[in-house]
Amino acid sequence: MPPSTPPSTAIPTVPAGREQAVQQLPPDAQAAFRKFEAGGDAAALDPVILAILEDFIPVQRTKRLAELPDTTRLVEDLHLDSLAVAQVVFFTEDLFGVNITNEEIVLIRTLGDLRGFIQRKVASRGAP
């Protein structure tokens with residue numbers, strides 16, 4: 001019988017379908033995602049949310065997303081178009097195993113809206 005890892009030292013694993021998505025994130029976002037998977041704290045997902053968004057913003061900025069206020073508008077300020085929004089949604093759905101409806105998407109206007117929405121959506125799916 002192969003040795004098993006004691007529960008207290010088990011490394012959280014991501015289901016195979018999501019592992020590829022996790023690998024596309026920068027190291028700090030990967031670490032935040034794995035921390036979330038281990039403990040279920042959706043508030044710890046900010047680096048993940050910002051990394052997802054960072055990949056789909058079409059213009060260079062002088063400030064990092066983490067330095068921008070929550071009132072930063074996704075379309076007007078970050079220049080996300082409908083394709084970029086769709087890509088963010090698809091990636092988010094795949095990574096977190098959630099479904100996001102069109103009705104929910106149209107309510108997300110700012111960086112703060114996006115952060116709060118994803119945290120609530122992920123928290124409502126229950127602990128991983």
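This is a predicted model: local features need pLDDT of at least 70, side-chain atom pairs count only at pLDDT 80 or more; totals for chains, interfaces and linings use all residues.
User: What percentage of the residues of the protein chain count as buried?

Analyst: A residue counts as buried when its relative accessible area is under 20%. Applied to the 128 residues of the protein chain, this cut-off gives a buried share of 37%.

User: Against which helices do the buried residues of α3 pack?

Analyst: The residues of α3 to consider are Val48, Ile49, Leu50, Ala51, Ile52 and Leu53, which are its buried ones. The helices that these buried residues pack against are α2, α4 and α6.

User: How far apart are the end C-alpha atoms of α2?

Analyst: The helix α2 has 13 residues, and at 1.5 Å a residue it should span 18 Å. The expected span uses one less than the number of residues. The model agrees with that expectation, because the end C-alpha atoms of α2 are apart by 18 Å.

User: Within what arc do the buried residues of α2 fall, seen down its axis?

Analyst: In α2 the buried residues are Ala29, Gln30, Ala32, Phe33, Phe36 and Glu37, while Pro27, Asp28, Lys35, Ala38 and Gly39 are exposed on the other side. The buried residues line one face of the helix, because seen down the axis of α2 they fall within an arc of 165 degrees.

User: Which residue has a backbone oxygen that lies 2.7 Å from a polar atom of the side chain of Gln30?

Analyst: Gln30 is found in helix α2, and its relative accessible area of 17% means that Gln30 is buried. Leaving aside residues up to four places away in sequence, Gln30 touches Val22, Gln23 and Leu25. The backbone oxygen that lies 2.7 Å from a polar atom of the Gln30 side chain belongs to Leu25.

User: How many residues apart in sequence are Ala21 and Phe96?

Analyst: Ala21 lies in helix α1 and is buried, with a relative accessible area of 8%. Apart from residues up to four places away in sequence, Ala21 touches Phe91 and Leu95. From C-alpha to C-alpha, Ala21 and Phe96 are 9.7 Å apart in space, although their separation in sequence is 75 residues.

User: Are the rings of Phe33 and Phe96 stacked, edge-to-face or tilted?

Analyst: A pair of aromatic rings is described by the distance of the centres and the angle of the planes. For Phe33 in helix α2 and Phe96 in helix α4, which are 63 residues apart in the chain, the ring centres are 5.8 Å apart and the planes stand at 40 degrees. Planes under 30 degrees apart count as stacked and those over 60 as edge-to-face, so this pair is tilted.

User: What is the angle between the ring planes of Phe36 and Phe96?

Analyst: Both Phe36 and Phe96 are buried, and ring pairs link Phe33, Phe36 and Phe96 into a cluster. The pair of Phe36 and Phe96 is edge-to-face, because the ring centres are 6.4 Å apart and the planes stand at 90 degrees.

User: Which value does the phi of His79 come near?

Analyst: Most residues other than glycine have a negative phi. His79, found in the loop between α3 and α4, is partly exposed, with a relative accessible area of 41%. Its phi is positive although His79 is a residue other than glycine, and the value is near 65 degrees.

Technical notes: Residues are numbered from 1 along each chain as its sequence is written. Side-chain values use heavy atoms; hydrogens and water are left out. Helices (H or I, at least four residues) and strands (E, at least two) are DSSP runs, numbered from the N terminus. Buried means under 20% relative accessible area, exposed over 50%, partly exposed in between (1.4 Å probe, protein chains only). The arc is that of the directions from the helix axis to the C-beta atoms. A polar contact is a pair of N or O atoms within 3.5 Å; within protein, one must be able to donate a hydrogen and the other to accept it, and residues adjacent in sequence count only if both atoms are side-chain atoms. Contact means heavy atoms within 4.5 Å. Rings of Phe, Tyr and Trp (its six-membered ring) pair if their centres lie within 6.5 Å; planes under 30 degrees apart count as stacked, over 60 as edge-to-face and the rest as tilted.
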